[in-house]
2 protein chains.
Amino acid sequence: MPEPVLLVLDSDPSPRLGRLTGRVGVRYADERSLATQLPLADVLLVWDFTSDAVRAAWPGQGPRPRWVHTASAGVDRLLCPELAASDTVVTNARGIFERPIAEYVAGLVLAFAKDLPGTLDLQRQRHWHHREGQQISGSRAVVVGAGPIGREITKLLHGLGVRVALVGRTARRTIHGPEDLDRLTARADWVICAAPLTESTRGMFGARFFGLMQPSARFINVGRGPMVVEGELTDALRKRWIAGAALDVFQEEPLGPDSPLWDVPGLLISPHMSGDTVGWRDRLGEQFVRMYELWADGQPLPNVVDKRRGYVPSPDLNQGDAPRT
Amino acid sequence: MPEPVLLVLDSDPSPRLGRLTGRVGVRYADERSLATQLPLADVLLVWDFTSDAVRAAWPGQGPRPRWVHTASAGVDRLLCPELAASDTVVTNARGIFERPIAEYVAGLVLAFAKDLPGTLDLQRQRHWHHREGQQISGSRAVVVGAGPIGREITKLLHGLGVRVALVGRTARRTIHGPEDLDRLTARADWVICAAPLTESTRGMFGARFFGLMQPSARFINVGRGPMVVEGELTDALRKRWIAGAALDVFQEEPLGPDSPLWDVPGLLISPHMSGDTVGWRDRLGEQFVRMYELWADGQPLPNVVDKRRGYVPSPDLNQGDAPRT
């Protein structure tokens, strides 16, 4: 039997495949060569998860890999109708990014509450100016997106004394359905987006939504950029409909130096780094190696994406309709 | 019986004395008039807790108030040998500042771990530059000062997954004694000072101490400025003995525009605000009103300072030698 072929849509630094060395034929593709190499691959590892190349190349000619793994939580850049309709299994990097992102969100919430950006500005001006902070204990947050990232954010904020409402696609147990979102938003101090980008979440945070928020409230997006209508968030901040916002993800990444977003008042911009803590690439590589060994052994894969929905359903919370993985 | 006289060492805004209105003769002093008014007062409320006026005026002529309350956690600006040796009861504002300060420290730890200052700098330069953050879960902190503020910091950081060692004046139960400090410091990622300023803590954080810390570690002071030898902290940062520091308190406050501290690399400066959240002055006023009612009623006062030690001992942790309050 020929050695299976693992195709890696690569980015620098390349994945360290550790124990797989010599057990699989590894080929590397970039965005341009992906289409021609796809028919040769049994497995595709989407290591460059910022690329749209899979969606562009997939509808082409010839056999397709039986399994596609992406080294990211979101699969929005990957899924095209042809891949969704195919028998190819798609998996994601669930388990790697939850805690780092939850810490990042807690850090943003505390930075806003204690006006850390103002403190750094005043320091540059060598100006001692005492202000009053806010206590986050007892404040209210809405977390949109009830997947593992949204649930970890909820857990961490709850531990800091924040009263958190978690909103998912459907109401179940302790999770609110979308029908509660407006009511919860209207009295929240913090609205945090950690949902997957799907056709039903695209553009969901626009003028109507920001108009519901309290003038003292802040909006944080660690999900995907296209869920936010950036121009309407900018307007909401300039008109002081809301007190602040932090975006870690954008319609177009990287954000160019000419983007009007950089100097919107009250807007904190970070370069899609909320989930990336020292060693993250090693953890992503190790996770893929473990999953490859299961696959080569004929075992079921974890983290299988429901390609119709566009994310990995949470079996523990949604037993009725989760696929068996 | 004449109405008791409450003397307030005032600052703007004055305390709202609520229910005491009409039940006590209130007089207001500033730093200059304090000495002449002290003999008339039954109770002194040190509302301007940034002033050294009590220490300067106390050794003067005539009767002294029987009770002095300070609207602060620290009593270092207040205590002089004559007050310490007197029968006057001194109380502090224990209970007001713990949670805000613990949140502030958690915010600083997360801001350092996620390089939020770097993110804000890059935003001003309109420059997208991805970096890797640190995960604080699993990192190690040493909290110096086992009073209610240090214990609240410990609780909050522990909830975020940080492994925290708490160091107090004497070893007891889960609290380390000073003999463990060097060993714990040498492997800590975060060293947090929340101790009272006393003769044994003055200047304790200097070159020798910073030399023990890891090059990747950060130092945070939310206690009192004179515990840190500022010039030696500056040297340690410039020589990269440690990766960063945040000071909320200083040898001299406010820090003047000419202070060399403002632009020390890796040093974050905030204007003694860690405990001050919206409504803090009202909470301090309400606390004093409740305590005054106990005092007028002949009841024992809470938050009584051990004037020899310079802080309120924690009866729940230190039952052997805590005074009954």
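These legends describe close-up views of a predicted model.

**View 1. The open sheet of chain B.** Six strands line up in the order β7-β6-β8-β9-β10-β11 (chain B), and their pairing is parallel. The edges are β7 (163–167) and β11 (267–269) of chain B. Each has a single partner strand, so one side of each is left without a neighbour in the sheet. On average, neighbouring strands of this sheet are turned by 15° against each other, direction ignored.

**View 2. Strand β6 of chain B beside β7(B).** Strand β6 of chain B covers residues 140–144. Five bridges join β6 to β7(B), and the two run parallel. Within β7(B), Leu166(B) is the bridge partner of Val143(B).

**View 3. Helix α6 of chain B across the strands.** Helix α6 of chain B spans residues 148–159. The helix lies across β6, β7 and β8 (190–193) of chain B. Against β7(B), α6 runs at about 170°.

**View 4. Ile192(B) in the nonpolar core.** The largest nonpolar core has 194 residues. Val105(A), Ile192(A), Val105(B) and Ile192(B) have the most contacts inside it. Leaving aside residues up to four places away in sequence, Ile192(B) touches Val105(B), Ala141(B), Val143(B), Val144(B), Ile153(B) and Ile220(B).

**View 5. Helix α4 of chain B and the residue that follows.** Helix α4 of chain B holds 16 residues, 98–113. From first C-alpha to last, α4 reaches 23 Å, close to the 22 Å expected at 1.5 Å a residue. The helix is mostly covered, with 16 of its 16 residues buried. Just after α4(B), Asp115(B) adopts a positive phi of about 50°.

Note on methods: Residues numbered from 1 in each chain as written. Chains lettered and ligands numbered in written order. Predicted model: local features only at pLDDT ≥ 70, side-chain atom pairs only at ≥ 80, totals over all residues. Core = buried A, V, L, I, M, F, W, Y, C linked by C-beta atoms within 7 Å. Buried ≥ 20, exposed ≤ 12 C-beta atoms within 10 Å, placed from the backbone. Contact = placed C-beta atoms within 7 Å. Pairing = 2+ DSSP bridges. Helix = DSSP H or I, 4+ residues; strand = E, 2+ residues; numbered from the N terminus. Axes fitted to C-alpha atoms, helices over the stretch in contact; angles between N-to-C directions. Expected span 1.5 Å × (residues − 1).
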